[in-house]
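Hi,

Here is the model I promised to pass on. Have a look at it first, and then read my notes below.

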Amino acid sequence: MAAPANFVDDKSRLAKTDAQLLQSIADGIEAKGMPAFGASLSLAQRRAGLAYLRATFGEKPGNAGPK
Ligand code: HEM
């Protein structure tokens, strides 16, 4: 199985918009092994996960807002 996203060494993913990353979190990236969290986590929980990633590994677009 592919390794989880490495947000420390590869900042390119964090350059994506919040909407794009929330989409990935909700739908997963099946081909790469990222599970979909759209059914198991509420939108608020998915946003909290993304907020954690942004706060820990880097801010970028931060175009938050309801999706
Ligand atoms: C069992 C738990 C998880 C596994 C195994 C996993 C695995 C992965 C993998 C394999 C990728 C793709 C890496 C690549 O592109 O090379 C990925 C991307 C990502 N993961 Fe996870 N992940 C997990 C949980 C989470 C959680 C809880 C969050 C946030 C709440 C999260 C957020 C992301 C984001 C934002 C990306 C980048 C998506 C993009 O590039 O569009 N992941 N993960």
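A term to start with: two residues are in contact if their C-beta atoms, placed from the backbone, lie within 7 Å. On that basis, 61% of the protein's contacts with a separation of 6 or more are between residues 24 or more positions apart.

Some housekeeping: this is a predicted model, where local features need pLDDT of at least 70 and side-chain atom pairs count only at pLDDT 80 or more, while totals for chains, interfaces and linings use all residues. Numbering runs from 1 along each chain as its sequence is written.

The fold has 2 helices and 0 strands (DSSP runs numbered from the N terminus, H or I of at least four residues for helices and E of at least two for strands). Of the 67 residues in the protein, 6% are buried. Buried here takes 20 or more other C-beta atoms within 10 Å of a residue's own, exposed is 12 or fewer, and partly exposed is in between, again with C-beta atoms placed from the backbone.

Helix 1 has L21, L22 and I25 as its buried residues. Looking down the helix 1 axis, these fall within an arc of 100 degrees, so they line one face of the helix (the arc is that of the directions from the axis to the C-beta atoms). Helix 2 is part of what covers them. G28 follows helix 1 with a positive phi near 75 degrees.

Helix 2 counts 15 residues and spans 21 Å from first C-alpha to last, close to the expected 21 Å (1.5 Å times one less than the number of residues). Just after helix 2 comes G58, with a positive phi of about 145 degrees.

F7 is partly exposed, with 15 other C-beta atoms within 10 Å. Beyond its neighbours within four places in sequence, F7 is in contact with R13, L14, L53 and F57. L14 is partly exposed, with 16 C-beta neighbours inside 10 Å. Its C-alpha is 7.5 Å from that of R54, 40 residues away in sequence.

Now the ligand. It is surrounded by 19 residues, the closest being P4, A5, S24, M34 and G49 (near means a C-beta atom, placed from the backbone, within 6 Å). Helix 1 (18-27) and helix 2 (43-57) each give at least two residues to this shell. By type, the shell splits into 11 nonpolar, 4 polar and 4 charged residues (nonpolar is Ala, Val, Leu, Ile, Met, Phe, Trp, Tyr, Cys and Pro; charged is Asp, Glu, Lys and Arg; the others, Gly among them, are polar).

Cheers
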